[in-house]
Amino acid sequence: MIPSIDEKQIAIKLNESLIGSLDVLAKNGGMNRNHLMLSFVNIWLSVLEASKMPGLFYIANLLRVRENQMQFTPAYEHEFTESRIPEKPLPIKFNEADIFNINRFANFNHISRHLLLKTMVIVGIEEFGNLTDYRSYQFGAIEKELHNLFSNIMRKGFKAYMAYIK
């Protein structure tokens, strides 16, 4: 299918384990994986728009990983270089306005557009998996809670930043 004139595809590379988790989550909600990934990104874009410092997105998510590891909760370890684990590109369609915002938030965070989107999707997979316990769900019933979880990640990052600069 050819994207409409105001839509473009951007591929996000994920490993087989993450794709498997994404597929289970999507199936349990009666969705396809692309729609679920796009939902995660859209929620994150909304959270970043409302955030005091959207430039703390990547750092806040690194903090989230460390917190999870200290509680012995599994979390995807972010990489600063390309992963040695084979990854498969999964395309998502975005409109021009979303692409502009994605690029803007990537620039605020001094990371690539791919790393921003990949982090959004991976955190979405992990947090959504925890929320649903990988069981059947209605996305609309959980969407607000997921938004709140993402907002909380940003608030913790902001609090850590404020403590650091004191």
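Asp 133 sits in the loop that joins helix 5 (113–132) to helix 6 (139–165), where helices are DSSP runs of H or I with at least four residues, numbered from the N terminus. The model is predicted, so that local features need pLDDT of at least 70 and side-chain atom pairs count only at pLDDT 80 or more, while totals for chains, interfaces and linings use all residues. Residues are numbered from 1 along each chain as its sequence is written, and side-chain values use heavy atoms, with hydrogens and water left out.

**The loop between helix 5 and helix 6**

- Asp 133 has a positive phi, near 55°, although Asp 133 is not a glycine.
- Tyr 134 lies in the loop between helix 5 and helix 6, and Tyr 134 also has a positive phi in a residue other than glycine, near 60°.
- Most residues other than glycine have a negative phi.
- Asp 133 is partly exposed, with a relative accessible area of 46%, and Tyr 134 is partly exposed at 34%; buried means under 20% relative accessible area, exposed over 50% and partly exposed in between, using a 1.4 Å probe and protein chains only.

**Ile 125 in helix 5**

- Ile 125 belongs to helix 5 and is buried, with a relative accessible area of 2%.
- The C-alpha atoms of Ile 125 and Met 37 are separated by 8.4 Å, with the two residues 88 residues apart along the chain.

How values were computed. Helix = DSSP H or I, 4+ residues; strand = E, 2+ residues; numbered from the N terminus.
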